[in-house]
Amino acid sequence: VVALAGCAGNPHHAGPRAPAYTAIQLIDTTPGPFRNRLYVDGERERQDASLGGGTVTTIIRRDRGVAWLLIPARRQYEEIPLDEAGPASVEARFAGLERRSLGSVLLDGGIRAEHYAWHAEDGRLVAWSWVSGDGITRRAEWPADPATGAPAAVIRLEDVRLGPQDPALFELPAGYSPVGAGHVH
């Protein structure tokens, strides 16, 4: 999942800004598929990813210039550079890319969306997206990149719920300490 972050731009600069929402994010790629719960509210994002029978939570706070990887089993967190955290939302993955409209289409479920192609500065096609009228990217596709070895990927959103998100979702949980704190060597 983190490898997908490198597919599309610098995560420090937000792409098209979507409204606040939560959704189930389905990522079809190798070695996936992955199913995550995503929360987005301005410069704050949270992804609860199901991996190996557990949940891995990444909180991205562009507004504070920090990202946290939570380790619930140890009630700890690791502070990581934003570029290593990568974006959680699909919109943030398009930062630094040029968007070109390909017209309006009807997605599964009867959702009307604008279809876009995304290009790098050198003109190379990087991805496609389908953005609904509420400004949320409902589907995105990245072709395989033989130059980097990145596999093809499709990201779809289901169960999208618009509205402000609980600010506590984007804060460190009470009682969590930084990795390595309190250890005597």
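At 5% relative accessibility, does Thr57 count as buried or exposed? In this predicted model, in which residues are numbered from 1 along each chain as its sequence is written, local features need pLDDT of at least 70, side-chain atom pairs count only at pLDDT 80 or more, and totals for chains, interfaces and linings use all residues. Side-chain values use heavy atoms, with hydrogens and water left out.

Thr57 counts as buried because its relative accessibility is 5%, where buried denotes under 20% relative accessible area, exposed over 50% and partly exposed the range in between (1.4 Å probe, protein chains only). The residue lies in strand E4 (residues 54-61), strands (E, at least two residues) being DSSP runs numbered from the N terminus. The side chains of Thr57 and Asp48 are joined by a polar contact of 2.8 Å; such a contact is a pair of N or O atoms within 3.5 Å, of which, within protein, one must be able to donate a hydrogen and the other to accept it, and residues adjacent in sequence count only if both atoms are side-chain atoms. When residues up to four places away in sequence are not counted, Thr57 touches Arg46, Gln47, Asp48, Trp68, Leu69 and Leu70, contact being defined by heavy atoms within 4.5 Å. Leu70 in E5 is also the residue that stands opposite Thr57, and E4 runs antiparallel to strand E5 (residues 66-71), to which five bridges join it.

These strands belong to an open sheet of 12 strands with mixed pairing, in the order E7-E8-E9-E10-E11-E1-E2-E3-E4-E5-E6-E12, two strands being paired if DSSP finds at least two bridges between them. Strand E7 (98-106) and strand E12 (177-178) are the edge strands, each pairing on one side only. Strand E1 (residues 21-29) is mostly covered, with eight of its nine residues buried. Seven bridges link E1 to the antiparallel strand E2 (residues 34-41), with Ile24 opposite Arg37, and a hairpin of four residues connects E1 to E2. E1 is also joined to E11 by eight bridges in an antiparallel arrangement, and Leu26 has Arg156 in E11 as its bridge partner.
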